[in-house]
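Hi everyone, thanks for coming. Let's walk through one model together and talk about its pockets and a couple of its helix pairs.

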Amino acid sequence: MKGVNIGKIVEKMQLTVFNPEVDLKKRKITVSDVNRPALQLTGYFEHFEENRVQIIGTVEYTYLQHMGKEKKLSVYREFLSYGIPCVIFCREFGPDEDFLKLATEQGVPVLGSDDATSTFMAELIYNLNEELAPCISIHGVLVDVYGEGLLIMGESGIGKSEAALELIRRGHRLVTDDVVEIRKINEHTLIGTSPDITRYFIELRGVGIVDVKNLFGVECVKEKQNIDLVIKLEDWRKDNDYDRLGLEEEYTEFLGNKIVCHSLPIRPGRNLAVICETAAVNHRQKKMGYNAAKELYRRVQANLKKRNDEEE
């Protein structure tokens, strides 16, 4: 079963570790949901979601302060015996000595955050959704163009990296070249990232490897980006019938999510960067409710109707 290492979450969210002697690598989080164990601290363990991260907020913490020592120890032992991934105290709260001792004996990491409980839970769920999302790797280039995630695909050597480099020179931001890791966050959102080993590098045939971050500056790179539009580069073929109006959208599918896709024929003299910019802006305009192709169609139909009325 896929899981995220607790140590990674600790580092990413800058959590305090109350029992560092527990090996964080031995416990993994396998679900993105979290649980506030208010009922469990009263002794009710029916339907307990023990595979979730357990969050201690103000309600749980103040309730524990009013419990007797014997009752508290009994609840602690049962609560920590379920093999929970970890326990996180919010709002600068921390565990008492008995809780920390029993948690360490059971190998349960006890962590802390200064954030408000609801704020922390929302951020944690978002991070876990991202880390645990279904993931595939594809061959392509991902660039942030005017805030739109533009995924450029095509056969090796067709000019994807060169198009991305020109976009970077025009002020846009590179996410990844060559390999794109795509994660499905939900039914409507795909996020693209780069493998750690190739992050911010571009391969240019005849030149070699280029470090975009060091060469052009940190403003020209981005760690991750939603994928909004796919551009497929292909060799120009005279006998192919290419879409010239764009009245009907074409789609490609990743992990069950459909993304708008344009097939772009390549021939000498075409400025790929300008075309990609225009495609990104046009896609944003469509999302805002304006479709240039439909507007042209409407004008043509109105003009034909006007001519017919005049002839009558």
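What volume does the second largest pocket have? About 280 Å³. Please keep in mind that this is a predicted model.

So who lines that pocket? There are 14 lining residues, and Lys8, Glu131, Arg183, Arg199 and Glu223 sit closest to the centre. The elements that each give two or more residues to this lining are α1, α6, β12 (179-186) and β13 (189-193).

Helix α1 covers residues 6-13 and helix α6 covers residues 117-132; their axes lie 12 Å apart, at an angle of about 130 degrees. That angle makes α1 oblique to α6. The crossing of α1 past α6 is right-handed. On the α1 side, the contact uses Lys8, Ile9, Lys12 and Met13. Facing them in α6 are Phe120, Glu123, Leu124, Asn127, Leu128, Glu130 and Glu131. Sorted by class, this contact has five nonpolar, five charged and one polar residue.

Now for the largest pocket. It holds about 790 Å³ of space. Its lining has 28 residues, with Asp243, Arg244, Leu245, Gly246 and His262 nearest the centre. β19 (257-266), α9 (272-287) and α10 (292-311) are the elements that give two or more residues to that lining. By class, the lining has 11 nonpolar, 10 charged and seven polar residues.

Let's finish with another helix pair. At what angle do helix α4 and helix α5 cross? Roughly 25 degrees, with the axes coming within 10 Å; α4 spans residues 69-80 and α5 spans residues 97-106. An angle under 35 degrees counts as roughly parallel, and that is why α4 is called roughly parallel to α5. This crossing is right-handed. From α4, the contact takes in Lys69, Leu73, Tyr76, Arg77, Phe79 and Leu80, while α5 brings Asp98, Phe99, Leu102, Ala103 and Gln106. Those residues divide into seven nonpolar, three charged and one polar.

Key: Residues numbered from 1 in each chain as written. Predicted model: local features only at pLDDT ≥ 70, side-chain atom pairs only at ≥ 80, totals over all residues. Heavy atoms only, no water. Axes fitted to C-alpha atoms, helices over the stretch in contact; angles between N-to-C directions. Helix = DSSP H or I, 4+ residues; strand = E, 2+ residues; numbered from the N terminus. Parallel < 35°, antiparallel > 145°, perpendicular 65-115°, else oblique. Left-handed = near helix turned anticlockwise from the far one by under 90°. Contact = heavy atoms within 4.5 Å. Nonpolar A, V, L, I, M, F, W, Y, C, P; charged D, E, K, R; others polar. 1 Å grid on protein atoms, 1.4 Å probe; cavity = no way out; pocket = protein on both sides within 12 Å on 5 of 7 lines; lining within 4 Å. Points joined across faces, edges and corners; volume = space filled by probe spheres on them.
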